[in-house]
Amino acid sequence: MESISRISSLMEAARELTLDAAQATRGSRTSSRLLDRNQMRKLLDSRNDRDVLEGLRRVVAMMYRNQKTLPFFSSVVKNVASPNIEIKKLVYIYLIHHAEQEPDLALLSINTIQKSLSDTNPQVRALALKTMSGIRVPVISQIVSLAIKKGVADMSPVVRKAAALAIPKCYRLDPSQAPQLTDYLSTLIGDKQYFVAGAAVAAFMEMCPERIDLIHKHYRSLVRKIVDMDEWSQLAMLRLMSFYARKCFPRPKSGASKSKATESTSADDFYSESRTEETDAGVTIDPDLRLFLNAVRPLLQSRNSGVVVAVTRCYVEIGTAEYVKLAVGPLVALMRGAQDIQQLALYNIVSVCLMRPRDFVKYASHFLVRSTDSAPVWELKLEVLTIIFPHSPLHIKSLILKELEHFSQGTNKALVQEAVRAIGRCAQSDATTSPRCLKLLLSQITSLDGTLAAESLTVIRHLIQQNPDSHVGTVVRLAKNLDSATDPHARATIIWLVGEFSGLGGQDNIAPDVLRILLKDFAHESEVAKRQIVLLGAKVYLHHINRRTEAEKAKAAEDDPPQALEIHPIERLWDYLMLLIRYDTSYDLRDRARMYRSLLSVPQLATLMLLAPKPAPQAPSPSESRKGFPLGSSTLVLEGGGGLHGLSGYEPLPDWVAPGREPDSRLREQEDGQYSRYDNDRGPAPAGQALDEAVRAAPSKSNGIAEGLGTKTLDDWLAEGDDDGESGETEEESEEETDEEEEEESDEEEEDDEEEEESDDDGEEDNLVKA
């Protein structure tokens, strides 16, 4: 009978496996076929786990397709007591999603979930704790708190991690539970398992980031665990340590450097601290801060780009220049990723490059524009090239200018404009290359592309304003090209430059002749060009008035009688210009003309307003407005789109603690018995070595059980096991032998006593004889 039952159970198991395999082969074809409500409930109410699992899969699929699954709530929730862990997972997912809509029915399942907290499987316990904290019903906040308390003391680290992740959920559910939850959090932060401590740190940053006092005694252990944590925990840890360093450590102070930094690095010193300590010999850094900065150094090789950016942010905000230099290479390496990763990496690269441009010079070839780059990517690449341009050697400067020249002659108008602007920024930042940049731009003004010509002339105007006296010939050359310039903005720029130089050379200036030529075709000019023609006419006429006034004063000083002067051609040009504007359709031009006419009636005031020296315009980097925002933040990417104080939820990094007000470093001393496998003086020990140490440390017991455990080897224990069979046969013999040995020993002791007595008597007799 036993064999028959065993065969039937094997056949049933084989049948289940066959059905599961057949269902897996059908795949999505069967699951995609919709069933009516009665068929779904039949599956959910079935006694077969396979049918229930199929029904739950269909319900969850419907739930994520935004289909109505609330009518199945009672049928789904009653399966919460199933021993099948796959069914439990799907029921918990459904329960978390719909608990707010059906709080009364969800509360009915709390007792069953509480029972799962005592399950022998740690995964079931962790899943139950996660589900209970995910049910957003305020009534059960006390129950969730008790479940977290139980999870904190659990033997399994999986459950403790689930308890750490449940703490912020419980806090959001009921903020009045904060004191108890803070105590649980303090315990979990000091957990020896790195993934439990990482989850606790993430919960700490969400719940009570201002409670820095909870971190003091766990600081060094957390720092040494950071390399083992998962990426999300590492991000939370790096953010926490940035705040902690600003509030608890003195700011690194630079002093007289005692040793020079070496440029070459090797793979051997990557994980060592020797090179960083040598290069930072002239900087005073707190030992605990240096411990953190060295501990996160391996994270620069992380496969997660967010971790690399976060480490760079720590080095920028709380580190020294040498640590920032270490992060430049890994930061540039992020540009090998996808387009979106490249763009976000470039935002952070530009922010670091504005602070330390020399460190990026050797990576200039990585910022050359490719044909596959998107618009935001090549904009940021050109910006990096212009930032490092003045700090680069001659061959890299030549490479950058050739790159910009190539793209300034392309077909992409946006790229052409950005390339020309980049050339202008290069010329402004390095005066030695300004003539070459100007020559390059002047070759573009005759281009048929009006956009290129206009942008080139705008940049040329900025360069001329920086040193006007040395660019008189450039203005004359631009005036000669006025007829070939067709773009309205390009013509307006040339006319403005001619007006700025209209006072040089006196009557030999070309400005009146340029004005005469422009008035011939004034009616067909664009609105922008007409405004500059009016301004040019006002400046030319004002210079004429000032020269005439000086001439009259000179003649009055010589006492010459005044002579009737003929109307000067410039006055006729001015009157003709006013006549043309009077009949123009633009009311703006007519208003400007009346304003200039009234202003010129007072030459001194007109001179102050029209001929005042103008400051040379500066073309800063487009990312100058991003300065001050931390790396990796949304505010940095959006260029302060939320205003001066960043986006909603943006929290700036606190200032460094005042000197002398730092917490005592003894608060960060670890308790006895706590160590990490990253301690320098104590590394990870094998399991056998740990057992031997535990045996040696154990006190010896009087019954002899623990005596000699540390001295016996495995061969000794095996030899004793082989002798167990023979020991039973020779037990009586051994007892007799021991009795005989005891008798012999007792006889020997008696003989020794007699000999001692005889020796004593002999000694007494000797003494008497001597006496």
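**Close-up views of a predicted model**

**View 1. What the second largest cavity is lined with.** The lining residues of the second largest cavity split into 4 nonpolar, 4 polar and 2 charged. This is a predicted model, so keep that in mind for each of these views. The space inside the second largest cavity comes to about 40 Å³. Who lines the second largest cavity? One stretch of names runs Ile445, Ser447, Leu448, Asp449, Gly450 and Ala453, and the list goes on with Ser484, Ala485, Thr486 and Asp487.

View 2. How many cavities of 30 Å³ or more turn up here? The count is 3. The largest cavity holds about 40 Å³ of space. Its lining is made up of Leu117, Arg125, Leu129, Ala147, Lys150, Gly151, Asp154 and Val159. Two elements each give two or more residues to that lining: helix H9 (122–134) and helix H10 (141–152). H10 has the largest share, with 3 residues. Sorted by type, the lining of the largest cavity has 4 nonpolar residues, 1 polar and 3 charged.

**View 3. Val137, in the loop between H9 and H10.** Here we look at the loop that sits between those two helices in the chain, where Val137 is found.

**View 4. Glu383, a buried residue in helix H21.** Glu383 belongs to helix H21, which covers residues 375–388. With a relative accessibility of 3%, Glu383 falls under the 20% cut-off, and that is why it counts as buried. Which residues does Glu383 touch, once those up to four places away in sequence are left out? They are Val350, Arg425, Ser621, Pro622 and Ser623. With Ser623 there is also a polar contact, side chain to side chain, at 2.6 Å.

Conventions: Residues numbered from 1 in each chain as written. Predicted model: local features only at pLDDT ≥ 70, side-chain atom pairs only at ≥ 80, totals over all residues. Heavy atoms only, no water. Helix = DSSP H or I, 4+ residues; strand = E, 2+ residues; numbered from the N terminus. Buried < 20%, exposed > 50% of the residue type's maximum accessible area, 1.4 Å probe, protein only. Polar contact = N/O pair within 3.5 Å; in protein donor to acceptor, adjacent residues only side chain to side chain. Contact = heavy atoms within 4.5 Å. 1 Å grid on protein atoms, 1.4 Å probe; cavity = no way out; pocket = protein on both sides within 12 Å on 5 of 7 lines; lining within 4 Å. Points joined across faces, edges and corners; volume = space filled by probe spheres on them. Nonpolar A, V, L, I, M, F, W, Y, C, P; charged D, E, K, R; others polar.
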